[in-house]
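Subject: Structure handover

Hello,

Here is the structure I promised you. Please open it and keep it beside this email while you read.

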Amino acid sequence: METTVQLTIDCSDPQRMVTFWAEALGYVPEPPPGAHATWRAYWAAIGVPEEELPAGAGDIPESIIDPEGRGPRVWFQQVPEPKVAKNRWHFDLKVGGGRDVPLDVRTRRVNATVERLVKAGASVLRIKDEPDTEFYAAAMQDPEGNEFDVV
């Protein structure tokens, strides 16, 4: 039996999260199955009752996928309650290339990604610059305050 993985992230604005995380991960919004114009149309076609679909659900993509098919599907599930505490999980965006890459090169790669993601709506929490241990990373937040690191 094959197991696949989907990461589900609770949020208040799925479209904003789709836009940001597609940019951050190099993913694309997941198109609806078959010839359906929207996910809502697909859900209606397979018999999901209208009362189970909140207003606007499925009218725009609420999930992203890896265009290469390697990474997990990420679904942004709209919930009414706001985020109130630190994440118990987070993404590490490993852009530096690992310890075999010189620290100055890793630092440039991390900084370039940080700059791109700030333009996309993220904010920097802190820079982790530890030259004695050859470590450089940025702790960041996505547009809804979820923490992640760029390493």
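First, a term you will need: two strands pair if DSSP finds at least two bridges between them. Strand 2 and strand 3 (residues 63–65) are joined by 2 bridges and run antiparallel. Look for Val 28: its bridge partner in strand 3 is Ile 65. Please keep in mind that this is a predicted model.

**Ala 22**

Next, find helix 1 (residues 14–25), which holds Ala 22. Is Ala 22 buried or exposed? Its relative accessibility is 11%. The cut-off for buried is under 20%, so Ala 22 counts as buried. What does Ala 22 touch, leaving out residues up to four places away in sequence? The list is Met 17, Tyr 27 and Ile 64. Ala 22 and Asp 66 are 44 residues apart along the chain, yet 8.7 Å separates their C-alpha atoms.

Move on to strand 8 (residues 147–150). Both of its faces are covered. Glu 147 and Asp 149 lie on one side, Phe 148 and Val 150 on the other, and all are buried.

Strand 8 pairs with strand 5 (residues 91–93) in the parallel sense, over 3 bridges. There, Phe 91 has Phe 148 as its bridge partner. Strand 8 also pairs with strand 7 (residues 135–141), this time in the antiparallel sense, over 4 bridges. In that pairing, Gln 141 stands opposite Glu 147. Strand 7 and strand 8 form a hairpin with 5 residues between the strands. Check Gly 145 in this hairpin: it takes a positive phi near 90 degrees.

**The largest pocket**

How much lies in the largest pocket? It is about 320 Å³. The pocket is lined by 16 residues. Closest to its centre are Asp 10, Pro 82, Lys 83, Val 84 and Asn 146. By class, the lining has 7 nonpolar, 3 polar and 6 charged residues.

Best wishes

Methods
Residues are numbered from 1 along each chain as its sequence is written. This is a predicted model: local features need pLDDT of at least 70, side-chain atom pairs count only at pLDDT 80 or more; totals for chains, interfaces and linings use all residues. Side-chain values use heavy atoms; hydrogens and water are left out. Buried means under 20% relative accessible area, exposed over 50%, partly exposed in between (1.4 Å probe, protein chains only). Contact means heavy atoms within 4.5 Å. On a 1 Å grid over the protein atoms alone, a cavity is a set of points where a 1.4 Å probe fits but cannot get out, and a pocket is an open set with protein on both sides within 12 Å along at least five of seven lines; lining residues have an atom within 4 Å of a point. Grid points are joined across faces, edges and corners, and a volume is the space filled by probe spheres set on the points. Ala, Val, Leu, Ile, Met, Phe, Trp, Tyr, Cys and Pro count as nonpolar, Asp, Glu, Lys and Arg as charged, and the others, Gly among them, as polar.
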